[in-house]
Amino acid sequence: MKIVVVGKGGVGKTTVVACLARLIGRDGYSVIAVDADPSLNLAKALGIDSNSVYSKPVLFDEEFIKERTLLPDGAYRLNPRVEDVVEKYGIKGPDNVTLLKLGYVKKGGTRCLCPEYAFLRALLSHLILGRRDVVIVDMVAGLEPMSRGAARGVDLMLCITEPTTKSIDVTQEIFRLSKDIGVKNFAVIGNKVMSDEDRVFIERSLSGIEILGHLPYDENVVKSDRLGIAVLDHNPNSPIVAELNMIKKFILNFKKAEDNTYKFSTSYK
Ligand SMILES: Nc1ncnc2c1ncn2[C@@H]1O[C@H](COP(=O)(O)OP(=O)(O)O)[C@@H](O)[C@H]1O
Ligand SMILES: [Mg+2]
């Protein structure tokens with residue numbers, strides 16, 4: 001199963017990806033967590049110590065990405081080779097999770113991120129997964145890196161949404177774009193929800209869009225962030241972990257239909 005997590009900056013994508021990846025891994029799945037955000041902070045949130053992150057070259061370092069994507073005339077390959085990437089660059093984390101970091105070519109301000117995105121699209125489209133493999137991508141805000149081809153390979157797009165107008169606006173825009181590129185299953189997870197009023201605000205503003213659940217505003221997330229550790233390691237009994245456990249069950253309950261796509265098989269609520 002391939003899951004892409006999107007949403008406005010700061011809504012909690014990295015927090016959710018890290019926690020969900022480990023909870024799914026604990027159920028016996030092999031999870032690949034892809035950090036596709038240029039700020040690259042998924043490792044800490046997963047609880048991977050910085051020594052193991054730097055014991056390997058950063059995924060898709062400049063030379064690697066150039067070698068695989070850039071053509072002599074300055075254009076880039078749409079279909080770079082990816083099949084050896086997990087083995088070569090995967091960083092083993094706790095709970096059956098392997099981290100892939102989408103490194104960025106360091107030369108700032110000189111060009112677009114086309115080669116990196118070509119890589120990400122190739123990963124999503126061409127990674128062949130077994131029945132008990134899960135890929136979960138911590139995406140940049142917006143859907144520029146996506147395309148029809150990559151969207152076809154995605155089983156579920158999860159949009160994290162705060163109870164703020166700005167976040168809701170971004171979610172509506174991403175939802176619209178997701179339909180344009182052919183994403184089959186789109187769902188929202190509310191985050192930093194402090195009251196019934198917050199929950200109702202999200203539900204009313206996004207009526208017609210599947211909402212898997214609402215994560216509470218949780219001081220444990222703030223504290224673990226300051227300590228630079230995973231919320232699961234800081235306090236496994238955190239309210240956010242309890243709610244994500246429920247959402248995890250729902251996601252894993254996706255039934256594989258005959259046409260080889262996942263469909264919502266139950267309703268969470
Ligand atoms: N449920 C929550 N309760 C409290 N703080 C949260 C919660 N979720 C995320 N945060 C905090 O919000 C900030 C942004 O979260 P992060 O996961 O990095 O967002 P994103 O990856 O979308 O930019 C971080 O400081 C994080 O600790
Ligand atoms: Mg992030």
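In which helix does Lys248 lie? Select residues 239-252, which form helix α12, and Lys248 is there. The model is predicted, and every stop on this tour should be read with that in mind.

**Stop 1: Lys248**

Show the side chain of Lys248 and its surroundings. Is Lys248 buried or exposed? Its relative accessibility is 5%, so Lys248 counts as buried, the cut-off being under 20%. Next select Leu20, Leu23, Ile24 and Asp27: Lys248 is in contact with these residues, leaving aside neighbours within four places in sequence.

**Stop 2: the whole chain**

Zoom out and switch to a cartoon. The protein chain has 12 helices and 10 strands. Colour by burial: of its 269 residues, 49% count as buried. Among contacts between residues at least 6 apart in sequence, 72% join residues at least 24 apart.

**Stop 3: the nonpolar cores**

In soluble globular proteins, nonpolar side chains tend to be buried together. Here the largest nonpolar core has 41 residues. Select Ile3, Leu46, Ile136, Leu158 and Ile251, the residues with the most contacts inside this core.

Centre the view on Leu158. Which residues does Leu158 touch, once its neighbours within four places in sequence are left aside? Leu158 is in contact with Ile3, Val4, Val5 and Val6, and also with Leu20, Ala187, Ile189, Leu212 and Ile251.

**Stop 4: Glu116**

Move to residues 114-126, helix α6, and pick Glu116 within this helix. Glu116 is buried, and its relative accessible area is 0%. Now pick Leu102 as well and draw a distance between the two C-alpha atoms. Glu116 and Leu102 are 14 residues apart along the chain, and their C-alpha atoms are separated by 7.3 Å.

**Stop 5: helices α8 and α9**

Two packed helices are described by the angle between their axes and the distance between the axes. Select residues 165-180 for α8 and residues 196-205 for α9; their axes come within 11 Å and cross at roughly 30°. The two helices are therefore roughly parallel to each other, angles under 35 degrees being counted that way. The crossing of α8 past α9 is right-handed.

Which residues make the contact? On α8, show Thr165, Ile168 and Gln172; on α9, show Phe201, Ile202 and Ser205. By class, this contact has three nonpolar residues, three polar residues and no charged ones.

**Stop 6**

Most residues other than glycine have a negative phi. The last stop takes in two exceptions.

- Select Asn96, in the loop between β3 (91-92) and β4 (97-101). Its phi is near 70°, a positive value in a residue other than glycine. Asn96 is partly exposed, with a relative accessible area of 44%.
- Select Lys192, in strand β7 (residues 186-193). Phi of Lys192 is near 60°, which is also positive in a residue other than glycine. Lys192 counts as partly exposed, at 29% relative accessibility.

How values were computed:
Residues numbered from 1 in each chain as written. Chains lettered and ligands numbered in written order. Predicted model: local features only at pLDDT ≥ 70, side-chain atom pairs only at ≥ 80, totals over all residues. Heavy atoms only, no water. Axes fitted to C-alpha atoms, helices over the stretch in contact; angles between N-to-C directions. Helix = DSSP H or I, 4+ residues; strand = E, 2+ residues; numbered from the N terminus. Parallel < 35°, antiparallel > 145°, perpendicular 65-115°, else oblique. Left-handed = near helix turned anticlockwise from the far one by under 90°. Contact = heavy atoms within 4.5 Å. Nonpolar A, V, L, I, M, F, W, Y, C, P; charged D, E, K, R; others polar. Core = buried A, V, L, I, M, F, W, Y, C linked by side-chain atoms within 4.5 Å. Buried < 20%, exposed > 50% of the residue type's maximum accessible area, 1.4 Å probe, protein only.
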